[in-house]
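Colleague: Please walk me through this model, feature by feature. Give me the general idea, then the case at hand.

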Amino acid sequence: MKLGYFPGCSLQGSAGEFDESLQAIAPALGLELIEIPDWSCCGASAAHNLNRLLALALPARTLALAERAGFREVLVPCSACYSRLILTRHELEQDEGLRRQVSEIIGMEYQGTVRVLNILEVMGQIFQDGLKGKITKPFEHPVACYYGCLLVRPPKVVQFDRPEDPRTMDELMKKIGAEPIDWAFKVECCGAGFSISRTDLVAKLSSKILADAQRRGAEAIIVACPMCHANLDMRQEKAEKWAGKKYSMPVLYLTQAIGLALGLPEKKLALHQHLVPVSFPVKAKPAAKAKAETASQPAGQSEE
Amino acid sequence: MSRIGVFLCHCGENIAGTVDPGKVVEAANRIPGVVHSIDYKYMCSDPGQSLIREAIKEKGLTGVIVAACSPRMHEPTFRRVCAESGLNAFLCEMANVREHCSWVHEKSELTTAKAIDLVRIMVEKAKRNRPLFPIKVPVTKTALVLGGGIAGIQASLDIANAGHKVILVERDPSIGGHMAQLSETFPTLDCSQCILTPRMVEVAQHPNITLHTYSELESVDGFIGNFKVKIRKKARGIDEKLCTGCGVCAQKCPLKKIPSEFNAAMGMRTAIYTPFPQAVPNKPVIDKKRCTYYLKGKCKACEKACPAEAIRFDQPDEIIEVETGAIVCTTGFEVLSTEFFPEYGYGKYKDVINGLQFERLASASGPTLGAIRRPSDGKEPETVVFIACAGSRDPAKGIEYCSKICCMYTAKHAMLYKHKVHQGTPYVFYMDIRAGGKMYEEFVRRAIEEDGVKYIRGRVSRIYEQDGKLIVKGADTLLGAQPVEIEADLVVLATAMVANSGAEELAKKIHVSYDSYHFLAEAHPKLRPVETNTAGIFLAGACQAPRDIPETVAQASGAASKVAALFSADELSREPVIAVVHRTAPPIFSICEGCFMCEQACPFQAIEREEIKTRDGKLIKVVAKVNPGVCQGCGTCVALCRAKALDLQGFSNEQVYAEVMAV
């Protein structure tokens with residue numbers, strides 16, 4: 001699969017490990033990523049609060065560049081970037097006048113021919129085609145799949161998975177050997193919008209997410225968004241302080257979990273860059289036991 | 001030579017607002033054959049009708065064009081006016097200058113020009129009109145009622161009591177429908193079964209009603225007054241004549257854990273079962289999809305136990321053919337599937353149930369004998385959260401429309417819960433409270449003020465289980481969207497009322513249209529609420545839209561009175577717009593070649609074969625003949641006839657060509 005690639009600022013900075021791990025697994029998955037030449041900031045979090053045209057023009061510029069470069073599909077791993085790009089695409093599709101106006105602002109004809117894909121969509125497609133024995137070290141841990149707020153919303157625009165109870169990541173995790181837990185915080189807010197200004201709120205919201213994952217026996221939280229990762233990993237200590245208990249919950253990008261299952265070295269997946277150490281409790285045959293549990297659960301339900 | 005009068009209606013502002021009436025009248029006067037042209041503010045009013053009447057007499061008109069609204073609106077009115085004045089009704093035509101012109105265009109010269117064109121077209125048609133006479137067809141005075149819920153029961157009883165025969169067809173093993181499942185009914189809190197079951201018994205015992213339960217409509221042919229209906233009577237697996245309804249079979253059936261449909265899966269049933277003790281008829285059926293004998297070829301425990309020797313494993317389905325004059329469709333509704341809002345955890349958490357399931361919990365005949373106990377552990381719930389609009393009024397979560405009954409039944413549920421669990425706390429999350437109806441608002445106030453039900457205006461975003469409790473997260477929008485979290489023991493979703501999953505198929509079978517939600521469509525939402533666009537087929541109840549019981553019953557009686565009116569005459573008049581086969585004098589007799597392409601093309605089987613013979617009985621040729629009672633005037637045969645031997649009365653080829661050439 002050959003795709004245009006829009007890393008955005010996060011993946012070149014705070015979420016470098018997202019980019020590194022994605023690049024690391026791409027060859028094994030037959031994924032070729034070509035960076036959009038001269039891409040610019042998507043304007044996330046700041047632009048759309050201040051100036052609508054600016055908020056549309058910034059992503060439109062990148063999309064127009066992708067069109068010029070001949071891409072039909074662009075992978076946008078960061079949820080915030082994804083949201084901005086797909087919203088822009090949607091709004092300009094609805095309003096021909098606006099499309100022309102924005103084209104004029106960016107000094108390029110924006111046509112709207114490029115599809116914007118998130119990381120789950122792309123992985124879903126690849127996994128559907130089959131991994132054919134590529135999973136050498138099954139990621140056999142109970143995991144909490146955390147989608148965050150932006151990946152599946154608004155449903156009208158993204159038209160992807162179920163907005164309140166998405167399943168794509170859970171399915172992906174199952175395929176690499178993990179057991180996704182049934183939990184309630186899949187799409188709850190982590191407080192990303194207040195990541196800098198109100199860290200107390202972030203601590204409270206993130207703490208709830210961490211607590212539920214821990215209570216239900218998750219050994220890791222799997223994310224697909226740099227902001228989610230920042231709040232759950234970087235601010236975990238603060239969340240622990242707020243809650244008055246230890247979580248020690250590793251937070252992995254799904255690309256890292258996939259990488260581990262593919263048997264790639266931890267270093268290549270940049271696991272060492274996390275603040276919460278990525279380590280799992282040592283159990284005697286934990287996977288087999290967990291598997292048996294999950295397998296018996298639905299059967300037990302139907303019996304009752 | 002034709003003497004045609006043109007009568008232009010202003011329809012108040014509706015037509016005159018965009019079309020210049022003076023110009024139309026003036027132009028009409030110049031059309032050859034038009035001898036009289038006049039406009040008036042409301043042509044359908046009494047003075048307007050008088051204008052037509054007088055002109056017919058004074059000017060000796062041979063044709064009338066009323067340029068006004070759609071013929072569907074007022075053609076019968078103006079045709080009647082003509083007939084009263086001695087002009088054959090079928091010499092009157094409508095030019096639709098409202099729906100086809102003034103309503104859909106701006107005020108302009110072009111709009112007026114189009115109106116003139118429409119008048120000219122109809123003048124050309126009218127010139128070629130011939131007097132036609134209505135076709136008389138006999139009426140079969142038997143009504144078919146589809147669906148044995150409260151609507152079907154009411155309609156059947158009303159028609160039967162008017163002295164006509166009724167055939168009531170019900171898909172399930174018993175009549176009673178959803179109403180039989182309900183506990184108590186708003187706003188009076190009278191027990192649903194107590195008021196319904198006497199009527200069910202009345203249906204079974206009425207001499208004019210033939211009841212076919214566990215039966216489905218197979219096909220409908222024919223037309224108003226003369227429908228030919230096939231009904232599939234599904235094999236119950238028992239001989240109904242021998243069965244006494246003693247119930248021993250169900251006691252002996254080893255399969256006891258099948259979720260009961262009647263109890264909305266809150267209780268269990270056996271493979272041979274009677275849905276509920278008051279079922280009518282009180283005869284069991286065998287669930288062939290689950291019965292061990294049908295699946296594995298052995299068991300027959302019921303056969304061994306049956307004292308009446310009534311079990312018939314090899315009973316086949318039976319097709320019953322009946323003739324009816326009218327059909328009343330009362331097929332009801334379904335509860336929306338919960339696929340749309342996985343965040344509420346229905347199906348995942350046992351203690352998240354829907355409204356119908358709560359009805360069974362609260363019902364004295366239900367699985368808990370009326371005690372409110374949560375399904376997971378049978379404990380009495382201390383806190384119950386009711387969520388209104390679960391799937392209604394939100395296209396992202398189900399359907400756009402309001403399910404109408406949920407505000408009321410949710411108030412009732414909360415009230416019933418409080419009456420049974422005094423120390424309990426009921427919460428209701430709602431969007432708006434819609435309590436329009438006799439004593440409805442008072443009922444809701446009573447729930448809030450006297451029974452202390454806690455109403456929270458806001459939506460629930462998520463429900464999840466934590467330490468044996470259901471955490472209900474929502475917002476209180478009257479407190480500035482303040483987040484609310486309630487630890488509940490039981491959650492009841494007021495899931496939306498939707499059309500039956502088979503509604504579309506049924507609509508096609510009975511030739512009735514349906515809306516985008518698959519509810520069956522009435523002929524006019526206000527003025528013809530129980531009729532459909534197919535003559536002789538009527539609707540009542542929730543197959544049409546969400547309805548409560550009083551409304552359903554009123555409408556069922558309405559449909560029944562329409563049927564009774566239809567059956568009040570021995571013959572029906574039908575419009576003579578039918579196909580006719582060309583006939584002429586000998587030696588040609590008819591230009592029909594007898595290829596009978598028309599016979600194959602006719603969707604209504606209206607083409608017959610006629611032998612033309614000499615006086616001494618020698619066959620000259622076989623030609624097509626149209627059965628005037630069956631022909632619907634669709635014109636398919638006319639289009640296919642290679643010899644042009646077929647034509648449609650009132651819409652002849654000659655007329656249609658003339659209309660086209662007039663533009």
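**Reading the model: helices, sheets, domains**

Modeller: Start with a helix pair: the crossing of α2(B) and α6(B) is right-handed. A crossing is right-handed if the near helix is turned clockwise from the far one by less than a right angle, and left-handed if anticlockwise. Helices (H or I, at least four residues) and strands (E, at least two) are DSSP runs, numbered from the N terminus.

Colleague: What should I know about the model itself and its labels?

Modeller: This is a predicted model: local features need pLDDT of at least 70, side-chain atom pairs count only at pLDDT 80 or more, and totals for chains, interfaces and linings use all residues. Residues are numbered from 1 along each chain as its sequence is written, while chains are lettered from A and ligands numbered from 1 in the order in which they are written.

Colleague: At what angle do α2(B) and α6(B) pack, and how far apart are their axes?

Modeller: Two packed helices are described by the angle between their axes and the distance between the axes. Axes are lines fitted to C-alpha atoms, for helices over the stretch in contact, and angles run from 0 to 180 degrees between N-to-C directions. For α2(B) and α6(B) the angle is about 35°, and the axes are 9 Å apart.

Colleague: Which residues make the contact of α2(B) with α6(B)?

Modeller: Two residues are in contact if their C-beta atoms, placed from the backbone, lie within 7 Å. From α2(B) come Lys23(B), Val24(B), Ala27(B) and Ala28(B); from α6(B) come Thr112(B), Ala115(B), Ile116(B) and Val119(B). By class, that is six nonpolar, one polar and one charged. Ala, Val, Leu, Ile, Met, Phe, Trp, Tyr, Cys and Pro count as nonpolar, Asp, Glu, Lys and Arg as charged, and the others, Gly among them, as polar.

Colleague: And the sheet: in what order do its four strands run in chain B?

Modeller: Two strands pair if DSSP finds at least two bridges between them. Here the order is β2-β1-β3-β4 of chain B, in an open sheet with parallel pairing. β2 (34-40) and β4 (92-96) of chain B each have a single partner strand, so one side of each lacks a neighbour in the sheet. From one strand to the next, the twist averages 20°.

Colleague: How many bridges join β1 and β3 of chain B?

Modeller: Five bridges, in the parallel sense, between β1 (residues 4-9) and β3 (residues 63-68) of chain B. Within that pairing, Gly5(B) has Val64(B) as its bridge partner in β3(B).

Colleague: Which helices lie on these strands?

Modeller: Helix α2 (residues 21-29) of chain B lies across β1, β2 and β3 of chain B, at about 170° to β2(B). Helix α6 (residues 109-127) of chain B touches β1, β2, β3 and β4 of chain B, and its direction makes about 155° with that of β3(B).

Colleague: Now a hairpin. Which residue takes a positive phi in the hairpin of β25(B) and β26(B)?

Modeller: Gly480(B), with phi near 65°; five residues lie between the strands. β25 (residues 469-476) and β26 (residues 482-488) of chain B run antiparallel and are joined by seven bridges. Ile471(B) stands opposite Glu487(B) in β26(B).

Colleague: How is chain B divided into domains?

Modeller: Domain bounds come from an automatic or database domain assignment. For chain B it gives domain 1 (4-127), domain 2 (142-234 + 317-332 + 500-566), domain 3 (248-305), domain 4 (334-498) and domain 5 (579-661). The C-alpha centres of domain 2 and domain 4 of chain B are 30 Å apart. Their contact takes 14 residues from domain 2 of chain B and 20 residues from domain 4 of chain B.

Colleague: Which domains does chain A have?

Modeller: Its assignment gives domain 1 (2-117) and domain 2 (132-297). Their C-alpha centres lie 25 Å apart. In contact are 22 residues of domain 1 of chain A and 24 residues of domain 2 of chain A. On the domain 1 side, α1(A) gives the most, with nine residues.

Colleague: How do α1(A) and α12(A) cross, left-handed or right-handed?

Modeller: The crossing is left-handed. Helix α12 (residues 254-261) of chain A packs with α1(A) at about 35°, with axes 8 Å apart.
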